[in-house]
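Open the model in your viewer and keep the selection panel at hand. Each stop below names what to select and what is there.

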Amino acid sequence: MLTDKQVRGKLVNQGVRSLSDAELLSILLQKGEAGGSALELAERLLEAYDHNLMRIALDGPGKLRSVAQLGIARAALVSAALEIGRRGRAAENSMRDQIMSDRDVIELFQPELAILPHEEFWVLYLNASNKILDRVRISQGGVTGTVVDYKLIVKRAVERLAQGILLVHNHPSGNPLPSDADTLITEKLVRAASLFEITVADHVIITSGECYSFRSHGFFDWL
């Protein structure tokens with residue numbers, strides 16, 4: 001394991017992109033605990049959050065203080081730095097104008113939806129080249145669900161002359177697997193949209209960790 005001084009040297013000589021997540025965190029933490037290094041403290045912090053930086057950002061400085069025994073100043077610094085990163089990703093992804101895979105969808109929506117304590121259901125309206133014509137939040141609800149009007153989604157697709165629609169919603173619980181309600185609304189939308197020769201490109205469930213694509217799991221193969 002590198003020393004804290006070596007981590008700083010690596011940043012200066014090789015650039016910030018050369019640093020691992022733990023090394024980046026150690027730069028923010030500046031020092032360790034009880035004689036240990038900042039890098040060792042960063043490793044323990046990441047391990048507590050399954051090496052998921054977004055989950056650290058979700059908890060905020062109050063929880064970080066108890067999990068990693070950080071003072072308020074360092075906890076606030078880590079929380080603020082991760083939020084700056086999240087906002088930067090969200091701003092960059094908002095300029096995306098074409099969807100080619102479920103990974104594109106995840107990169108577009110995860111920075112915004114994964115941090116929410118409630119469910120939101122969004123629809124991307126696409127042209128024949130999968131370029132985004134419109135992006136609409138259809139509904140928002142509680143922790144375990146939201147009401148979705150599939151007729152309204154199809155009506156908007158027809159009005160926008162969309163060739164495809166792509167469904168996106170989040171699971172605040174962190175469980176990426178679709179519920180029976182998720183499956184049912186997807187089936188309804190596929191059938192309703194097909195009456196107007198509109199394709200449902202995918203339905204992607206967003207969490208702060210693993211996400212779920214109906215298409216990549218073969219859902220549309222048997223419809």
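The tour starts with the whole chain and then moves from element to element.

**Whole chain**

This is a predicted model. Show the protein chain as a cartoon. Trace them from the N terminus: the order is α-α-α-α-α-α-β-β-α-β-α-β-β. The C-alpha trace spans about 70 × 35 × 30 Å along its principal axes. Colour by accessibility next. Of the 223 residues, 42% count as buried. Now turn to the contacts between residues at least 6 apart in sequence. Among these, 58% join residues at least 24 apart.

**Stop 1: α1 and α2**

Select residues 4-14, helix α1, and residues 21-29, helix α2. Their axes lie 10 Å apart, and the packing angle is about 110°. An angle of 65 to 115 degrees counts as roughly perpendicular, and α1 and α2 are therefore roughly perpendicular to each other.

Show side chains where the two helices touch. On the α1 side, pick V7, R8, K10 and L11. On the α2 side, pick E23, S26 and I27. By class, this contact has three nonpolar, one polar and three charged residues.

**Stop 2: G32**

Move on to the loop between α2 and α3 (38-48), where G32 lies. Is G32 buried or exposed? Its relative accessible area is 15%. Buried means under 20%, so G32 is buried.

What surrounds G32, beyond its neighbours within four places in sequence? Select S37, A38, L41 and R74; G32 is in contact with these. Then draw a distance from G32 to D4. The two are 28 residues apart in sequence, and their C-alpha atoms are 9.3 Å apart.

**Stop 3: D50**

Go to the loop between α3 and α4 (53-68) and select D50. Check its backbone. Phi is positive, about 55°, although D50 is not a glycine. D50 counts as exposed, at 56% relative accessibility.

**Stop 4: the largest nonpolar core**

Select V123, Y125, I138, I153, I165, L189 and V200. These touch the most other members of the largest nonpolar core, which has 24 residues. Which elements give two or more residues to this core? They are β1 (120-126), β2 (132-140), α7, β3, α8 and β4. The largest share, five residues, comes from α8.

A second, separate core has 19 residues. Among them are L46, I56, A68 and L82.

Return to V123 and show its contacts, leaving out residues up to four places away in sequence. V123 touches D134, R135, V136 and I138, as well as I153, I165, L166 and L167.

**Stop 5: helix α8**

Select residues 180-194, helix α8. Draw a distance between its end C-alpha atoms: they are 21 Å apart. At 1.5 Å a residue, the 15 residues should span 21 Å, which agrees.

Now show the buried side of the selection. In α8, the buried residues are D182, I185, T186, E187, L189, V190, A192 and A193. What do they pack against? Their partners are α7 (150-159), β3 (164-170) and β4 (199-206).

As a check on the spacing, recall that an α-helix has 3.6 residues a turn, so residues three or four places apart point the same way. Compare that with the pair D182 and I185, or with I185 and L189, each among the buried residues of α8.

**Stop 6: around α7**

D149 sits in the loop between β2 and α7. At 35% relative accessibility, D149 counts as partly exposed. Draw a distance to D102, which is 47 residues away along the chain; the two C-alpha atoms are separated by 23 Å.

Step into helix α7 and select L152. L152 counts as partly exposed, at 30% relative accessibility. A193 is one of the buried residues of α8.

Finish in the loop between α7 and β3, at L161. Here phi is near 55°, a positive value in a residue other than glycine. Is L161 buried or exposed? At 68% relative accessibility, L161 counts as exposed.

Key. Residues are numbered from 1 along each chain as its sequence is written. This is a predicted model: local features need pLDDT of at least 70, side-chain atom pairs count only at pLDDT 80 or more; totals for chains, interfaces and linings use all residues. Side-chain values use heavy atoms; hydrogens and water are left out. Helices (H or I, at least four residues) and strands (E, at least two) are DSSP runs, numbered from the N terminus. The expected span of a helix is 1.5 Å times one less than its number of residues. Buried means under 20% relative accessible area, exposed over 50%, partly exposed in between (1.4 Å probe, protein chains only). Contact means heavy atoms within 4.5 Å. A nonpolar core is a set of buried Ala, Val, Leu, Ile, Met, Phe, Trp, Tyr and Cys residues joined through side-chain atoms within 4.5 Å. Axes are lines fitted to C-alpha atoms, for helices over the stretch in contact, and angles run from 0 to 180 degrees between N-to-C directions. Angles under 35 degrees count as roughly parallel, over 145 as roughly antiparallel, 65 to 115 as roughly perpendicular and the rest as oblique. Ala, Val, Leu, Ile, Met, Phe, Trp, Tyr, Cys and Pro count as nonpolar, Asp, Glu, Lys and Arg as charged, and the others, Gly among them, as polar.
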